[in-house]
Amino acid sequence: MTLPGAPHIAYRGDDLFIEDRRVAELARAHGTPLYAYSRAAMLAALASYQRALAGRDHLICYAMKANSSLAVLQTFAQAGCGFDIVSGGELERVLACGVPASKVVFSGVGKTRAEMRRALEVGVMCFNVESEAELEVLSQVASAAGRIARVSLRVNPDVDAGTHPYISTGLKGNKFGIAHQDALANYQRAAGLPGLHVVGIDCHIGSQITDAGPYLDALDRLLELIETIEAHGIPIHHLDLGGGLGITYTDEAPPSAEALVTSLLARIDARGHGHRRIMFEPGRSLVGNAGVLVSEVLYVKPGEQRNFCIVDAAMNDLMRPAMYQAWMRIVACRRRDDPTMIFDVVGPVCESGDWLGKDRALAVRAGDCVAVLSAGAYSMTMASNYNTRGRAAEVMVSGDRVWLIRDREQPSELFRGEHLLPANAG
Ligand code: LLP
């Protein structure tokens, strides 16, 4: 059985390995729930983009919302990446890793004035602006600070990415981007406002896209728009095609990043735009299949209608199943000869929606460990403290080396910063 994440996450005999380490041993050493990542898998995923872009002016801006742990950012920074951020908090994280702000693009529909001021102060490479109102506020903030904000407009190309409605962002009816038909007017507005300097155009049509078609459609619409905008005297230096490339959770077969980017570049060159700086903002495709969530089986609870495998990880550790009904593969960290049973794999949180997988065939006993695969993206970053549960520890594996990259959150940390009412409150 080939697992998503192979060859870096695979069985050797009956044991699940992440690179050269037994996952069950990592769980024993660091406790559970535990996120474990393969550094080689991250770098291999990045290399697929880099191969296609080699030899041209480009920047891959890792969308750090997918996994913003410092050691993950550091890994990509050392490999030459820039970063796509969506909040002031993400900006501080990326700066904490020593990344120069000149490699950071700032996306998001709701940037605050304070976030804009900080981003201008440190000198981010570009603001990906999503509305006319934001252009005006950014112009005011930049002028007041005596700075120039480099801007790109996120254009909504109105193409259907064919993905889950919560993660489809390029259609007319959603909150993201500037409508295609309003783009020229917004570029003209931007070019006329003080404190702004137009440098590029961007789009992002959705996430977990498994087909090149929607990208090519979006690209065609963008190239046409660039030609119109430049014909009006506004030069567009870079073209940022966003993120969105999907990964294999079950049987999806997305194109490789190299194949996708190669076909996009062919179209860009054919239409005479090959001289532009090309940017991407991949998140999931760089980290998704590089991580697993390891959890201990607490109880096996057979029932009349359903059998439950109750594990120590829950929806607060991994929201994707509860939130998007996402299917993520769950496997035993050590295979047994026992007959398999069909389980709902659930956590300890007091909600019926607290499940990690339904109808899974597993041979497990209490005390065994299971791993939820493809949990490198939108997993730890979406974790919460619901039920006053501390967030999991994280380790990074490289060959036979392993580093603890985040301590398990302790209960006292969960109410740090909270205050009891004073005695005289009555
Ligand atoms: N750029 C922008 C402007 C974005 O909004 C996103 C993701 C990305 C890049 C990176 O997209 P990726 O390459 O990761 O698909 N929590 C959801 C996914 C939300 C994606 C939001 N935007 C999930 O767990 O499936």
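On a 1 Å grid over the protein atoms alone, a pocket is an open set of points with protein on both sides within 12 Å along at least five of seven lines. A molecule sits in a pocket if more than half of its atoms lie within 2 Å of its grid points. Here, the ligand sits in the largest pocket.

This is a predicted model, where local features need pLDDT of at least 70, side-chain atom pairs count only at pLDDT 80 or more, and totals for chains, interfaces and linings use all residues. Residues are numbered from 1 along each chain as its sequence is written, and side-chain values use heavy atoms, without hydrogens and water.

Now look around the ligand.

Next come polar contacts, pairs of N or O atoms within 3.5 Å. A polar side-chain atom of S207 lies 2.4 Å from a ligand oxygen atom. E281 places a polar side-chain atom 2.6 Å from a ligand nitrogen atom. For D84, the distance from a polar side-chain atom to a ligand nitrogen atom is 3.5 Å. Taken alone, the ligand exposes 590 Å², and the protein buries 91% of that (Shrake-Rupley method, 1.4 Å probe).

Note on methods:
A polar contact is a pair of N or O atoms within 3.5 Å; within protein, one must be able to donate a hydrogen and the other to accept it, and residues adjacent in sequence count only if both atoms are side-chain atoms. On a 1 Å grid over the protein atoms alone, a cavity is a set of points where a 1.4 Å probe fits but cannot get out, and a pocket is an open set with protein on both sides within 12 Å along at least five of seven lines; lining residues have an atom within 4 Å of a point.
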